[in-house]
Amino acid sequence: MRRREWMRQAALMAVGSRVVRLGAWLPEGGQLLVPMDDAQSDHLKAYGLTFGTLKMGLKAEWLLNYRGGSFLLPDVPELRKEAALAGVAVQGISDAELASVRSLILNSNMDSVPLEKAPRIAVYTPPDAAPWDDAVTLALNYAGIAYTAVYDDEVERGDLGKYDWLHLHHEDFTGQFNKFYLGYRDAPWFIQMVQTALQTAKKYNFPNVPALKKDVADRIRQFVTNGGFLFAMCGATETLDLALAAHDVDIAQPFSDGTPMDPDADRKMDWSRALAFRDAHLETSPYVSSMSDIDGHQVNDPARRQPLGTFTLFNFSAKFDPVASMLVQDHRSVINDFYGVTTSFTKATLKPADVVLAFEEGTPWVKYIHGDYGKGTWTYYGGHDPEDPEHAIGNPPTDLSLHKNSPGYRLILNNVLFPAAKRKPLKT
Amino acid sequence: MLLPAAARAQQSDTSAFYRALDAEGAGKYREAAALYRQALASPGDRVNAMLGLERAYAEIGSTDSVLAPVDSLIGLYPREPVYRTIQLRAYTMLARPDDARRSFDAWVKALPGTPDPYREYSRLLLERGQAAAADSIIQMAGTALGTTSSLQMELAQSRAALGQWEPSATAWRGALAAAPDLDQAAAFSLTPAPETARDGIRAIFLSLPVDVGARRALAELEMNWGAPNEAWSALRELPPDSGSVSAWLDFAQRAEADEEWPLVRDALVAALRWHYDPALALRAATAALNAGDPKSALALAPSAGLDSARAAATVLPLRVRALSTYGKPAEAQALVNAFAHVMSPLQRSALERSVALGWVRAGDLPRARAALDSAGADADSSDAAGWLALYEGNLAGARAILRNSTDASPALAETLGLITRMKEDSAADVGAAFLALARLDSARAADAFVAAAPRHPDATSAMLGLASQIQAARGDTAGAVALWSRILAQYADSPEAPGAELSWARTLRRAGDAAGAVKHLEHLILTYTESALVPQARRELELARRAIPGGGATGPGGR
């Protein structure tokens, strides 16, 4: 569901008291509680179960801050069956028990958000990429949430309008291939990646890959402007904003476009076009595997690399900040950090309106941020794989059946489900 | 006599060094540090004292204190690589990368043309997981020195860390030619290579000329990749010499630990061809017997010197077991009889039981019984007696004896599980089925269990389940599927039903019928909710749905 429609329906929801309204939301005759605290045996598949509920045309509720952000689903045989197959813990809940839960929610920093329609999901990923190449597709596959893979061809054809939610991972939208040229120029996968990108650029009459990727970035910005939900991780966060801000300036190194970077590029960046960042400084050396000072950890630059710590999720008011609350629902509030091409975001480069969802105590960077842009929203989550903190190229993929309760992966899946939520009017 | 002042000072400093060593050994690191500093004044001890000082400061968490003395020494002796290395190491440990880089640059400037600074710095970067940075340092060395031949190991490690598997293997090949003892390091660094890269690595290590170090590394790699046969293939072609023998013996030892008995046999036989050793021959014969190859065991086991107490404890049991297994229990009995005088009663009893099992295998139960009788009273409670009772259809006797067995094999557990479910005290048809299985006549055994199953209602499903396992192991998938289907249709409430369904689903998935597998797995999970097999079924379901990676999939993602 696009954000405009979401807002329209939110207005329709403004009638009636909360309890009465929520009571009417799910069919009478019993519900299934999907606990999301430590009683849950498979947190990740619980999101798939809830998503599947919406796909079946049924409604659900997200009980923010109640037992780790539990879900309430209709108690129908199909869902009990799916829960049993997936190994998701569910509890039948009587009307009296539910009334007690609702009373608790009403009187605590909790809230109930109706979930009404499964979002249409697109993942921006090369056509030949395995699902194991990025954390989001790993999570979606494991949870059993269907998505469509899109790449430059689909974006250039204008297909993004078909989707509600778009995910980006380790794409370098500056067109410099994450500067992997330095270490991987002879690797077959790298050669293949460069050739494919060059062919696509040629196909759409762009002089080089950086020009193609800037256009793709701009179309993604349009997607958000028009009401789309964008979720990005790893290097895509930083490079998307760099590509947008560098719309009229050459920031690419000669190995990617054949011309040197504009020596005055820093000054010429137009940050008003970027979603999350401002006033960042570009890395001008082609020999340093870093794009800018947006990333706090600089993992691929030995001279600047910062050690991993833990990050803490903000505790938002569920009733007044339901969106931010949804994005941080978790059964843990402190989570081990993990590296990526971009691991974190320096506070100095954040726009004032950015909402910080998770931060690392005592450091100049944050981990997880969110904001509005046009009619849509964006969310950036630094790092590559929450359960493989130092994942390196060529490492075997993460088997999520061994990390069923991963708090880091839960944050990804919060983003997948959040567009399904029906926004309620704020209390004033 | 008084020594000159300079000599006295030197003696004092030398004493300081040894006292520092003692203090360090006693764990008194602060005291050791003070003494090492004192010993720096002694020219003969200076380098070792500086290394000691580095260790002592590291122990008390004062690595930064090493910088001042080492800076002074570098000022005095700018060409000494040990001081340069200590300085580089200290900056790295202190997470001062800019200073480490300056230290490296200064070393290069002071000693242009030497690979030492490149080697030390790239090693330190590799240790800290900074492979790309290490790689760039090695590339700098190539430009500055005109070659990276003296940095092959570092090059190999950095390339492996970057996922450049074939360039890494090439560099390892070069490094192993100069230092064959790096085989374990090579194998360790290349083990994470994905399936798709392995043939390329194999080709590099197998290319001519044949090199023992490279082959040893490849064999180690293959073992790590779970491919023991390929590991042996890498070593088999080595020319017979002392280096090869050492490789074969090391391989045999590793294969023994993994119980890869055919490969142990082959490796030891190769070593025996170079130099015959009776102890090695006995080991090879034991491996052959464990591999189910009694013929080779008999050929390998020493046949001379049997007339001794030592032989009675080593070679004789092996030959008797081999003859019994090979279907020659009469010869085994003759051997026991011929050398009875060198055996203790306990040894003889054990060998008689082996002979009895030989007669069982030959299907001659009366002679098996006779052999057991001659093994003495203890034999009546032996495993052989228990099995014999079972084969004769004496279920009560078999239950009573086998229940007390110390054998922890799955075969015994499964057999006991089946016969304890039966209420009858005797069942000749069941005994015959087990006897066929013991004789390795699996087709007859499966048919016999299927035929016996309806006559024993308490264990019908167990017998069908056992028969299905035998069929599956024989590769008779159709036969196994027919039995799984029958168990699920007629004995859906039996303990064998979830196992049958899981086996069926696995077979379907491996045959590429994911939809068929999913159907069975869903049925299993939903029907047998309390079964211990449900977690396994869920994992199979995830594999069938491709919800999780399987088979070593990798991609270029990552930092």
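Predicted model: local features only at pLDDT ≥ 70, side-chain atom pairs only at ≥ 80, totals over all residues.
Q: Which residues does A:A139 touch, not counting residues up to four places away in sequence?
A: Residues are numbered from 1 along each chain as its sequence is written, while chains are lettered from A and ligands numbered from 1 in the order in which they are written. Two residues are in contact if their C-beta atoms, placed from the backbone, lie within 7 Å. On that basis, A:A139 touches A:L44, A:L400, A:Y409, A:I412 and A:L413.

Q: In the largest nonpolar core, which residues touch the most other members?
A: A nonpolar core is a set of buried Ala, Val, Leu, Ile, Met, Phe, Trp, Tyr and Cys residues joined through C-beta atoms within 7 Å. A residue counts as buried if 20 or more other C-beta atoms lie within 10 Å of its own, as exposed if 12 or fewer do, and as partly exposed in between, with C-beta atoms placed from the backbone. The largest core has 291 residues, and those touching the most other members are A:A139, B:A267 and B:F449.

Q: In what order do the 5 strands of the open sheet of chain A stand?
A: Strands (E, at least two residues) and helices (H or I, at least four) are DSSP runs numbered from the N terminus, and two strands pair if DSSP finds at least two bridges between them. The pairing in this sheet is antiparallel. β4 (91–93) and β5 of chain A each have a single partner strand, so one side of each is left without a neighbour in the sheet. The order is β4-β1-β3-β2-β5.

Q: Why is strand β2 of chain A described as largely enclosed by the rest of the structure?
A: A:A60, A:W62 and A:L64 point one way from β2(A), whereas A:E61 and A:L63 point the other way. Both groups are buried. The strand (residues 60–64) is therefore largely enclosed, the number of its residues that are buried being 5 of the 5.

Q: Which residues stand opposite A:W62 in β5(A) and in β3(A)?
A: β2(A) pairs with strand β5 (residues 111–115) of chain A in the antiparallel sense over 5 bridges. Toward strand β3 (residues 70–74) of chain A, β2(A) has 3 bridges, again antiparallel. The residue opposite A:W62 in β5(A) is A:V113, and its bridge partner in β3(A) is A:F71.

Q: Which residue in the turn of the hairpin formed by β2(A) and β3(A) has a positive phi?
A: The two strands of this hairpin have 5 residues between them. The positive phi, of about 70 degrees, belongs to A:N65.

Q: Is A:K179 buried or exposed?
A: A:K179 lies in the loop between β8 (165–168) and α8 (181–184) of chain A. A:V288 is 109 residues away in sequence and 8.0 Å away in space, C-alpha to C-alpha. Because A:K179 has 26 other C-beta atoms within 10 Å, its class is buried.

Q: Which helices of chain B are included in what covers the buried residues of α24(B)?
A: In helix α24 (residues 383–391) of chain B, 8 of the 9 residues are buried. Among them are B:W387, B:L388 and B:Y391. After the helix comes B:G393, with a positive phi near 85 degrees. The cover includes α22 (345–362), α23 (365–374), α25 (395–402) and α27 (428–438).

Q: What ipTM and pTM does the predictor give the complex?
A: Chain A has a mean pLDDT of 88, and 89% of its residues reach 70 or more. Over residues 1–28 of chain A, however, the pLDDT is below 50. For the complex, the ipTM is 0.72 and the pTM is 0.61.

How values were computed
pLDDT = per-residue confidence, 0-100.
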